[in-house]
Amino acid sequence: ASEFARMTTFQDDLPGFLGNAGKFFNNPLLKVYVPFYKTPTQIVRRVSERTPLGLLMPSVVKQIAAGGRSRREAITRMSFGTALFGSIVLASTGGMNRDYVITGYGPRDKKIRDEWMRSNKPYSIGVRKKDSEGNPLDEWTWISYARYDPISGVLAMAADSAEVLFHLDDEDSIQDIIMGGGMSTLRYSATALPMLQFVGELYDLFGSPYEDSDSKVDRISELLSKQAFT
């Protein structure tokens, strides 16, 4: 029971290389900038093992190879997550009901994102508003699903994958979809969890094509000073 409680709060021990890396991040100086390592890393693991990406994870492969209950649990996690993933890809674009949508991180292009943020909210479920006669309006109520882990991570990955699919020019670019889904798990952890706000802001800065090198240097210095003071 104690071990199960640690697992459901993402406090159980990390395996292999990830566990060894934890010793590095426990350095008091590094904790200023990355105050939490185990929890967000475990969230990424829990999300990934509920998708086909689980087959690439040594810990999941080990569970499958062990057979018995361990194998059934690993396969069930992947099957459930994959089925949910497919359903959410469809639902996120209004494919199931045009009065409901699900968002992920949203567009990465800064100009497009600024416009998108005026009427959308990242990592949320949108419900279309209606007038007094029941006619749909072009207005939405947004309910955040962030931090309902690990399921929220699967939702975020599916919504981001739908974004990739929608803008995909080459129908054979399955690798782009897989990589985009995997990266969205990391992006979700870095941008939706308050414990990693500094990492998320740094992540966005690195990905911005609209800031020159001097601006990035100033912004990084500002982020470091702010985090150290906090």
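# Strands, helices and a few residues

User: Let's start with the strands. How many bridges join strand 1 and strand 2?
Analyst: Strands are DSSP runs of E with at least two residues, helices are runs of H or I with at least four, and both are numbered from the N terminus. Two strands count as paired if DSSP finds at least two bridges between them. Strand 1 and strand 2 pair in the antiparallel sense, and their bridges number three.

User: Before we go on, what pLDDT do side-chain atom pairs need to count?
Analyst: Residues are numbered from 1 along each chain as its sequence is written, and side-chain values use heavy atoms, with hydrogens and water left out. This is a predicted model, where totals for chains, interfaces and linings use all residues, local features need pLDDT of at least 70, and side-chain atom pairs count only at pLDDT 80 or more.

User: Back to the sheet: which strands stand at the edges?
Analyst: The sheet is open, with three strands in the order 1-2-3 and antiparallel pairing. Each edge strand has a single partner, so one side of it has no neighbour in the sheet; the two are strand 1 (100–102) and strand 3 (136–144).

User: What phi does Gly134 have?
Analyst: Strand 2 and strand 3 form a hairpin with five residues between them. Gly134 lies in the turn, and its phi is positive, at about 85°.

User: And what phi does Tyr123 have?
Analyst: Most residues other than glycine have a negative phi. Tyr123 is placed in the loop between helix 7 (110–117) and strand 2. Though Tyr123 isn't a glycine, its phi is positive, at about 50°.

User: Is Tyr123 buried or exposed?
Analyst: Buried means under 20% relative accessible area, exposed means over 50%, and partly exposed is in between (1.4 Å probe, protein chains only). The relative accessible area of Tyr123 is 4%, so Tyr123 is buried.

User: How do helix 5 and helix 6 stand to each other: roughly parallel, roughly antiparallel, roughly perpendicular or oblique?
Analyst: Helix 5 (residues 58–66) and helix 6 (residues 68–92) pack at about 130°, with axes 6 Å apart. Axes are lines fitted to C-alpha atoms, for helices over the stretch in contact, and angles run from 0 to 180 degrees between N-to-C directions. Angles under 35 degrees are roughly parallel, over 145 roughly antiparallel, 65 to 115 roughly perpendicular, and the rest oblique. That makes helix 5 relative to helix 6 oblique.

User: Which residues in helix 6 meet helix 5?
Analyst: Contact means heavy atoms within 4.5 Å. Helix 5 brings Val60, Gln63, Ile64 and Ala66, and they meet Gly68, Ser70, Arg71, Ala74, Arg77 and Met78.

User: How far apart in space are Val89 and Ser161?
Analyst: Val89 sits in helix 6 and is buried, with a relative accessible area of 17%. Not counting residues up to four places away in sequence, Val89 touches Ala158, Ala162 and Leu165. Val89 and Ser161 are 72 residues apart in sequence, but their C-alpha to C-alpha distance is 7.0 Å.

User: What share of residues in the protein chain is buried?
Analyst: The protein chain has eleven helices and three strands. Of its 230 residues, the buried share is 37%.
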